[in-house]
Amino acid sequence: MFARLFIPFLMLATAAVPARAQERETPYWASIRATVLNMRVGPSADYKIDWVYRRPGLPVKVVRVMEGWRLIEDPDGARGWVVARLLSPERGAMVIGEGLADMRAGDSADDTLKWRLEPGVVGMLGDCDAGWCEFVVGKRYGYVAETRLWGVGEP
């Protein structure tokens with residue numbers, strides 16, 4: 001009896017976590033969860049599609065919240081409205097700047113160079129400390145200078 005009552009409750013509670021995670025004070029960082037995400041000119045499916053994202057994990061800044069919709073800003077500065085459930089509270093980052101960015105074995109410019117990343121590479125962001133951030137791209141893990149990542153720090 002307990003299992004029949006508890007399992008549906010657990011499923012409902014788990015499904016609500018992404019939505020609740022998006023209910024926080026703006027601005028905040030998020031990332032694109034969907035493989036295709038329509039950015040609209042207003043907070044409704046009735047508004048025109050302004051841009052289509054096809055890049056899961058792309059970091060975005062959420063600048064406004066309105067009834068299941070989020071006004072986001074992307075790394076290029078474009079702003080528009082997206083459905084909240086298609087965003088993830090997981091932090092991502094994108095390599096920015098000129099030239100290749102070094103991914104090091106540790107959080108120092110003196111640590112072993114593991115890889116070089118092109119601007120535009122997207123990955124998952126870990127902790128940042130003393131100007132260096134943990135960064136995961138696929139199966140590659142290392143540290144990248146905070147100044148070379150968009151999606152870091154206070155939004």
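Two residues are in contact when heavy atoms of theirs lie within 4.5 Å.

**Confidence**

Begin by colouring the protein chain by pLDDT. The mean for the chain is 89, and 85% of its residues reach 70 or more. Next, select residues 2–15, where the pLDDT is below 50. Beyond near neighbours in sequence, this stretch has 2 contacts in the model. Where pLDDT is low, predicted coordinates should not be read in detail.

**Arg-24**

Proceed to Arg-24, located in the loop that runs between helix 1 (2–21) and strand 1. Is this residue buried, partly exposed or exposed? Its relative accessibility is 36%, so Arg-24 counts as partly exposed. Now display its surroundings. Apart from neighbours within four places in sequence, Arg-24 is in contact with Trp-29, Val-65 and Pro-89. With Trp-29 selected, one sees the side chain of Arg-24 reaching the backbone oxygen of Trp-29 at 3.2 Å. With Val-65 selected, the distance to examine is that between C-alpha atoms: those of Arg-24 and Val-65 are separated by 8.7 Å, although the two residues are 41 residues apart along the chain.

**The nonpolar cores**

Select Ile-32, Tyr-53, Ile-72 and Leu-87. These are the residues with the most contacts inside the largest nonpolar core, which has 14 residues. Which strands each supply at least two residues of this core? They are strand 1 (28–32), strand 2 (37–40) and strand 4 (59–66). Strand 1 provides the largest share, 3 residues.

Not counting residues up to four places away in sequence, Ile-72 touches Met-39, Tyr-53, Val-60, Lys-61, Val-62, Ala-78, Arg-79, Gly-80, Val-82 and Leu-87.

From there, move to a second, separate core of 12 residues; among its members are Ala-93, Val-95, Ala-101 and Met-103. In soluble globular proteins, nonpolar side chains tend to be buried together.

**The disulfide**

Finally, select the cysteines Cys-128 and Cys-133, which are joined by a disulfide with an S to S distance of 2.1 Å. How many disulfides does a search of the whole structure find? The search finds 1. Viewed along the S-S bond of Cys-128 and Cys-133, the torsion is about 110°, and the disulfide is therefore right-handed. The two partners may then be inspected for accessibility. Cys-128, at 33% relative accessibility, counts as partly exposed, whereas Cys-133, at 0%, counts as buried.

Note on methods
Residues numbered from 1 in each chain as written. Predicted model: local features only at pLDDT ≥ 70, side-chain atom pairs only at ≥ 80, totals over all residues. Heavy atoms only, no water. pLDDT = per-residue confidence, 0-100. Core = buried A, V, L, I, M, F, W, Y, C linked by side-chain atoms within 4.5 Å. Buried < 20%, exposed > 50% of the residue type's maximum accessible area, 1.4 Å probe, protein only. Helix = DSSP H or I, 4+ residues; strand = E, 2+ residues; numbered from the N terminus. Polar contact = N/O pair within 3.5 Å; in protein donor to acceptor, adjacent residues only side chain to side chain. Disulfide = S-S within 2.5 Å.
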